[in-house]
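Here is a short briefing on a surface patch, a ring pair and a charged side chain. The sequence and structure come first.

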Amino acid sequence: MVLGDLAIVAVAIAGLFLLKEETGDAQYAAVLTSAFATISTMTTAYFGIRAATNTAQTSITGNKSEL
C-alpha cells in the first residue's frame, strides 16, 4: 500500500513538473485533486479489506473454539 501511494505521489510530482508554465492553475489543481483522490481511495480500500479479513478470521476462529 505504501509503495503504491508513493508511486502515485511520484507520478503526480512528475506531472506537475512536466506541465508548462503557460498552463493555468486549473491544470495543477486537476493533477493534485486526482492524486489525492486516488491515494485516499487506495488507502480506504486497503483498510476496509483488512478490517473485513480480520473480522472473518475472528469469526472463523471463534466458531472453531465453540465446537
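Helix α1 gives the most to the nonpolar patch, with three residues. Both α1 (2-18) and α2 (25-66) supply at least two residues each. Helices are DSSP runs of H or I, at least four residues, numbered from the N terminus. This is a predicted model: local features need pLDDT of at least 70, side-chain atom pairs count only at pLDDT 80 or more, and totals for chains, interfaces and linings use all residues. Residues are numbered from 1 along each chain as its sequence is written, and side-chain values use heavy atoms, leaving out hydrogens and water.

**Nonpolar patch**
- Met1, Val2, Leu3, Leu6, Tyr46 and Phe47 form the patch on the surface, with about 610 Å² of accessible area together.
- Patch residues have over 30% relative accessible area and no salt bridge, with nonpolar side chains joined within 5 Å.
- Areas come from the Shrake-Rupley method with a 1.4 Å probe.
- Val2 sits in α1 and is exposed (over 50%), at 54% relative accessible area.

**Aromatic pair**
- The structure holds one aromatic pair (ring centres within 6.5 Å).
- Tyr46 and Phe47 form this pair, edge-to-face (planes over 60 degrees apart), at 5.1 Å centre to centre and 75° between the planes.

**Asp5**
- Asp5 lies in α1.
- Beyond four places in sequence, Asp5 touches Ile39, Met42 and Thr43, with contact meaning heavy atoms within 4.5 Å.

Notes: Patches are made of residues with over 30% relative accessible area and no salt bridge: like charges are joined within 9 Å, nonpolar side chains (Val, Leu, Ile, Met, Phe, Trp, Tyr) within 5 Å. A salt bridge is a side-chain nitrogen of Lys or Arg within 4 Å of a carboxyl oxygen of Asp or Glu. Buried means under 20% relative accessible area, exposed over 50%, partly exposed in between (1.4 Å probe, protein chains only). Rings of Phe, Tyr and Trp (its six-membered ring) pair if their centres lie within 6.5 Å; planes under 30 degrees apart count as stacked, over 60 as edge-to-face and the rest as tilted.
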